[in-house]
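Hi,

Here is the structure I promised to send over.

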Amino acid sequence: MERTPKGRSFCSMDEFIKVAELGKPFALKGEIKAISFTSFPEMRFQKGRKFWAKKKEEEEGVSLTLLHYRSLPNGLLLQFEEIQTPEDANMLKGFSLYMLKKEAPLPDGYIRIEDLKGLKAFDQKGDEIGEVMDTMQNAPTLNLVLKAKDGHRFMVPFIDKKFILSLNLEEKTIVINVIPGLL
């Protein structure tokens with residue numbers, strides 16, 4: 001396995017997206033169970049694709065090349081060229097799997113959840129009301145967690161036209177329909 005030298009990386013982590021969390025080894029060929037973080041596994045997990053595996057707290061990572069993947073009822077099963085045994089696979093347990101954003105285009109009409117973080121939020125009158133700090137998935141709706149200018153936090157359902165009036169990722173702004181009791 002190709003490793004990066006300590007303190008160095010091939011690219012900034014901002015250039016990557018997390019596509020899976022690696023779990024336990026499976027069977028005897030070095031396959032690894034994984035939890036998918038993508039809505040498009042058939043687009044992301046293609047034979048020969050290069051991935052970057054690393055633990056959050058570590059600066060070093062491992063370059064991996066996908067041999068194959070298959071869906072499981074509760075996740076994925078991945079096999080990489082560089083992993084041949086269950087022992088090798090076990091060394092990657094708990095690693096996050098990343099790929100370059102530029103190699104992961106989205107279909108029209110989709111946005112990345114992490115791209116919502118940091119957006120300046122405005123109400124329908126154009127007044128700044130805060131900043132998107134995080135997201136929270138409450139089935140069936142994604143909620144934006146915002147920090148108001150006075151420091152308190154509030155949530156806004158990410159529902160087009162009802163709460164989200166407009167979104168501009170280039171300008172890093174979002175316009176929210178503020179209804180009574182929302183703030």
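Of the 183 residues in the chain, 37% are buried (buried means under 20% relative accessible area, exposed over 50%, partly exposed in between, with a 1.4 Å probe and protein chains only). Keep in mind that this is a predicted model, where local features need pLDDT of at least 70 and side-chain atom pairs count only at pLDDT 80 or more, while totals for chains, interfaces and linings use all residues. Residues are numbered from 1 along each chain as its sequence is written, and side-chain values use heavy atoms, with hydrogens and water left out.

The chain has 2 helices and 13 strands (DSSP runs numbered from the N terminus: helices are H or I with at least four residues, strands are E with at least two). Its C-alpha atoms fill a box of roughly 60 × 40 × 30 Å along the principal axes. Taking contacts with a separation of 6 or more, 50% are between residues 24 or more positions apart (a contact is heavy atoms within 4.5 Å).

Now the aromatics. There are 4 aromatic pairs in the whole structure (rings of Phe, Tyr and Trp, the last by its six-membered ring, pair if their centres lie within 6.5 Å; planes under 30 degrees apart are stacked, over 60 edge-to-face, the rest tilted). One of them is Phe 40 with Tyr 110, edge-to-face at 5.1 Å centre to centre and 85 degrees between the planes. These two sit 70 residues apart, Phe 40 in the loop between strand 3 (31-36) and helix 1 (41-44), and Tyr 110 in the loop between strand 7 (96-100) and strand 8 (120-123). Phe 40 is buried at 12% relative accessible area, whereas Tyr 110 is partly exposed at 48%.

Phe 51 and Phe 80 also pair: their ring centres are 6.3 Å apart and their planes at 75 degrees, so this one is edge-to-face too. Phe 51 is in strand 4 (residues 50-54) and Phe 80 in strand 6 (residues 75-80), 29 residues apart. Both count as buried, Phe 51 at 3% relative accessibility and Phe 80 at 0%. Together with Phe 45 and Tyr 69, they form one aromatic cluster.

Last, the pocket (on a 1 Å grid over the protein atoms alone, an open set of points where a 1.4 Å probe fits, with protein on both sides within 12 Å along at least five of seven lines; lining residues have an atom within 4 Å of a point). The largest pocket is lined by 27 residues, with Phe 37, Ile 111, Arg 112, Ile 113 and Glu 114 nearest its centre.

Cheers
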